[in-house]
Amino acid sequence: MVERVHSLRGLLLRRLWLPLLVLLLCSAVGSFALARYFAGQVYDRWLLDSAMSLSELVKDQDGRAVMDVTPAMSRMFTWDTVDEVHGEVVDAGGARLYGDLPEALPRPAQAADDDATYYDARLRGQPVRMVDVVVPVAGGHDVRLRVAETLRKRHRLERKLLMTSVPFQAAILALAAWLAWSGTGAAARHANQVARRLASPRPDPLAPLDPAQEAPRELWPAVEAYNALLQRLDAMQAAQRRFVSNAAHQLRTPLAAMQVELESSLRQRDPQAQQLALSGTLAGLSRLQHLVNQLLLLSRSEDAQGSALPLQTLDVAVLARGVVERYADRALAAGVDLGYEGPDDGVPVEGDAPLLREALGNLLDNALRYGAEQGVITLAVQRRDDGVQLWVDDDGAGIDATERGRVTERFYRASSQGDGCGLGLAIVAEIAQRHGAGLEIGSAPMGGARVGLRFST
């Protein structure tokens, strides 16, 4: 689903604040965990130092390890203003030399003799941190030292760290929010300045802009799209001016001819001459009607806004046979042998039926106008491996190879014969382009022109 964007600044803030908040929270949690870890390392080291101080009191007497701990020494070992400290010294045979730790306290499952092992336990209902280490003493004896300490100092330090980090992280979050707000505001103001420069009057409103001079790098694609729009508008205006100029010229010619014919008929006193002049006027009206119809069809077929043509699956063989039937009477009146080659049905393409019908009708109309008198015209449909091809063959003079690139231009006529207006193939080219089909112009086997459409699969 595409996100609706009402404000670029709002979009940037939504995309920045939530990740920034998550990042700051992760940073706060990580900083707290790191400080807690190193504080625990320091307290564990103190705990080990306390255990090592007990080892200094172990002496060798008659080949065995003994300890002489006075009550003052014991008080000095266990003294702490916050936590409770308990210790134990056991010789290699398992005899306790000093201490008050119960035997039920857990011992580490595996511990190297030369490494201190730290672990958590519970002593008299309180959580404690313990260290267990085996050290050599005087006389070559090994003794095991165990010291336990409650966790009050550690918890107090954690609370202090937490209470200190929360305001600090909140200040960082507020600063980051202010920076994001001011930064996005500056970016939005800069974008507005670029928009005002683009909208400012210029000597040539349709001249392309230089992105490097008009906008920052991030807005270059927008400026380039704006330039592409200007180019399309310039091309559309140029095409419209040419179309209006050519259409005015094409309309002026039959109107002037009809005016002459009417004036001539008014001056004539001979009914036969007057009838001849009126017949010329009627023929001019027919040409004018054909030209107007072609102009209207061209305006419907061209895509001035770049919109997509709604296509649907249709049977082009059935459509082609219908167009042939529509022109059968006109071909019969002109003495032309009009035929159809191809399957009766079953040739599907994606297209717009009215436009394709007009395209094939224009091809047949051109063949009737410029083909041989009492000649042969064939509309054919063929299914190929790479798509579908439709074409119209005639046995007229054909289209010279040097003219085939220009006959699709509006109002261009390759031959002075016939009474066409030069719009038929231009309309077919527009319809082919809107369908994504190719317009092919060549020579027919019977010697005339072959003009057709190719639809790719």
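In this predicted model, aspartate 49 and arginine 45 form a salt bridge, with their closest N and O atoms 3.7 Å apart. The structure holds 17 salt bridges. The protein chain has 457 residues, and its secondary structure comes to 10 helices and 14 strands.

- Aspartate 49 is partly exposed, with a relative accessible area of 38%.
- Arginine 45 also counts as partly exposed, at 48% relative accessibility.

**Salt bridges of glutamate 88**

- Glutamate 88 forms a salt bridge with arginine 96, and the closest N and O atoms of this pair are 2.7 Å apart.
- Glutamate 88 is buried, with a relative accessible area of 0%, whereas arginine 96 counts as partly exposed at 35%.
- Glutamate 88 also meets arginine 146 in a salt bridge, at 3.0 Å from N to O.
- This second pair links distant parts of the chain, since glutamate 88 lies in strand β3 and arginine 146 in strand β7, 58 residues apart.
- Both glutamate 88 and arginine 146 are buried.

**The antiparallel sheet**

- An open sheet of 5 strands has the order β4-β3-β7-β6-β5, and its pairing is antiparallel.
- The edge strands of this sheet are β4 (residues 96-99) and β5 (residues 117-123), each of which pairs on one side only.
- On average, neighbouring strands of this sheet are turned by 20 degrees against each other, when direction is ignored.
- Strand β3 (residues 85-90) is joined to β4 by 3 bridges, and the two strands run antiparallel.

**The mixed sheet**

- A further open sheet of 5 strands has the order β9-β11-β12-β14-β13, and its pairing is mixed.
- Strands β9 (residues 337-341) and β13 (residues 438-443) stand at the edges; each has a single partner strand, so one side of each is left without a neighbour in the sheet.
- Neighbouring strands here are turned against each other by 15 degrees on average, direction ignored.
- Strand β9 pairs with strand β11 (residues 376-384) in the parallel sense over 5 bridges.
- Tyrosine 340 has leucine 379 as its bridge partner in β11.
- Helix α7 (residues 316-326) packs on this sheet, where it touches β9, β11 and β12 (residues 387-394).
- The direction of helix α7 makes about 170 degrees with that of β9.

- Most residues other than glycine have a negative phi.
- Arginine 124 has a positive phi, near 55 degrees, although it is not a glycine.
- Arginine 124 lies in the loop between β5 and β6 (residues 126-136) and is exposed, with a relative accessible area of 57%.
- Glutamine 374, likewise a residue other than glycine, has a positive phi near 50 degrees.
- Glutamine 374 is found in the loop between α9 (residues 353-370) and β11, and its relative accessible area of 65% makes it exposed.

**A nonpolar surface patch**

- Leu18, Leu21, Val22 and Leu25 form a nonpolar patch on the surface, and together they have about 360 Å² of accessible area.
- Leucine 25 is placed in helix α1 (residues 8-55).
- Leucine 25 counts as exposed because its relative accessibility is 52%, and the cut-off for that class is over 50%.

**The chain as a whole**

- Of the residues of the protein chain, 35% count as buried.
- The chain exposes about 27400 Å², of which carbon and sulfur atoms supply 56%.
- Among contacts between residues at least 6 apart in sequence, 63% join residues at least 24 apart.

How values were computed: Residues are numbered from 1 along each chain as its sequence is written. This is a predicted model: local features need pLDDT of at least 70, side-chain atom pairs count only at pLDDT 80 or more; totals for chains, interfaces and linings use all residues. Side-chain values use heavy atoms; hydrogens and water are left out. Patches are made of residues with over 30% relative accessible area and no salt bridge: like charges are joined within 9 Å, nonpolar side chains (Val, Leu, Ile, Met, Phe, Trp, Tyr) within 5 Å. Accessible areas come from the Shrake-Rupley method with a 1.4 Å probe; for residues, only the protein chains shown count as cover. A salt bridge is a side-chain nitrogen of Lys or Arg within 4 Å of a carboxyl oxygen of Asp or Glu. Helices (H or I, at least four residues) and strands (E, at least two) are DSSP runs, numbered from the N terminus. Buried means under 20% relative accessible area, exposed over 50%, partly exposed in between (1.4 Å probe, protein chains only). Two strands pair if DSSP finds at least two bridges between them. Axes are lines fitted to C-alpha atoms, for helices over the stretch in contact, and angles run from 0 to 180 degrees between N-to-C directions. Contact means heavy atoms within 4.5 Å.
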